[in-house]
Amino acid sequence: MRWTKIKNIILLLLVAVNLFLLALVGVRAWRTRENSRAARERILQILENNGIAYLPGQIPGDLSLTPRRLTPASVGEAEARLLVGEITSAEALGSRIVYHGERGTVTLFSDRELEVLFHPQTQLSAEVPGLLSALGLSLEEARTPAQSEAAVTTWTQLWEGTPVPGETVRLESRGEWAQSLTFRLFAGEAEAVLPAGEPITAPTAILRLLDALNRQGYVCSQITGFYAGYSLSGAGPTLTLAPMWYVEIDAAPWRLMIDGYTGEVSTE
């Protein structure tokens, strides 16, 4: 009987310790959330004091992206065939390769950029998103200028759902006729890279931005967009996807990027 009571006491002590630890973790998490919220509110006040309106509403918190090393898939005749149909001939012009197909020509540059020129009256405008998807591209919603006979539609490429703002797809068309298509194809395999240091938070990124605006003489009255994304760099068989904070403003240079780990501010 005495041993049963001792066991019950031990169990109660263990339960009490677990509840205490759980409460401690909860308090710490609450304090972290409150500190983050207070920091974001202070940043909004600082922006207001500098005459800058923050239109996105809420400032994000931590940066969840990590650097990636990307090995792009090969690009060649198969990709050209998908875009312009059966290839009739190909020719090397310096560092470029030009593929001639039944619907037009594809020029492949050394940096993996593709320029497609369609034959007149090629009815492909509505099919282009499907062709790009078949090439392994994931895109954000198109932005098409209104009231324009020769429309230019642009997409931003995504990597695993995250925007890569410097990598766009540009389609020129006239009505239902596709005219040209330009983009860089970087689909392939990626591996995580151990970052050098800790990522900077969104409030810290905004402070770095304000400092850069003051030092470099940029003038803006509104921040129209603020989000995390990747910047693609490198040449040859290996590319790098670097995490960035992207800030869109209402004046030139329109969009700036803040390195997610060093805090360096630059324009594209």
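**Entry 1: E167**

I looked up E167 and found it buried, at 8% relative accessibility; buried means under 20% relative accessible area, exposed over 50% and partly exposed in between, with a 1.4 Å probe and protein chains only. This is a predicted model, in which local features need pLDDT of at least 70 and side-chain atom pairs count only at pLDDT 80 or more, while totals for chains, interfaces and linings use all residues. Residues are numbered from 1 along each chain as its sequence is written, and side-chain values use heavy atoms, with hydrogens and water left out.

E167 sits in strand β9, residues 162–174. Strands here are DSSP runs of E with at least two residues, helices are runs of H or I with at least four, and both are numbered from the N terminus. I listed the contacts of E167 (heavy atoms within 4.5 Å). Leaving out residues up to four places away in sequence, E167 touches W155, T156, Q157, R184, F186 and L232.

**Entry 2: R81**

I then turned to R81, which lies in helix α2, residues 77–84. R81 is partly exposed, with a relative accessible area of 33%. With residues up to four places away not counted, R81 touches E86, I87 and R103. I also checked R81 against G101: they are 20 residues apart in sequence and 7.0 Å apart in space, C-alpha to C-alpha.

**Entry 3: helix α4 and the cores**

Helix α4 covers residues 202–216, 15 residues in total. From first C-alpha to last it reaches 21 Å, close to the 21 Å expected at 1.5 Å a residue; the expected span is 1.5 Å times one less than the number of residues. I noted its buried residues as A202, P203, A205, I206, L209, L210, A212 and L213. Just after α4, G217 takes a positive phi of about 80°.

Next I looked up the nonpolar cores, each a set of buried Ala, Val, Leu, Ile, Met, Phe, Trp, Tyr and Cys residues joined through side-chain atoms within 4.5 Å. The largest has 32 residues, and L47, I223, F226, W245 and I258 have the most contacts inside it. The elements giving two or more residues to this core are α1 (2–49), α4, β12 (222–233), β13 (239–249) and β14 (255–259). Helix α4 supplies the largest share, 7 residues. A second, separate core has 24 residues, including L83, L114, V128 and L137.

**Entry 4: β12 and its partners**

I checked strand pairing, which needs at least two DSSP bridges between two strands. Strand β1 (residues 53–54) and β12 run parallel and are joined by 2 bridges; the partner of A53 in β12 is Q222. Strands β12 and β13 run antiparallel, with 10 bridges, and S231 stands opposite A242 in β13. Their hairpin has 5 residues between the strands, and G234 there takes a positive phi near 105°.

**Entry 5: aromatic rings**

I counted rings of Phe, Tyr and Trp (its six-membered ring) as paired if their centres lie within 6.5 Å; planes under 30 degrees apart are stacked, over 60 edge-to-face and the rest tilted. The count comes to 4 aromatic pairs. Y227 and Y246 form a stacked pair, 5.8 Å centre to centre with 15° between the planes. Y227 is in strand β12 and Y246 in strand β13, 19 residues apart. Y227 is partly exposed at 24% relative accessibility, whereas Y246 is buried at 0%. Ring pairs also link Y54, F226 and W245 into a cluster.
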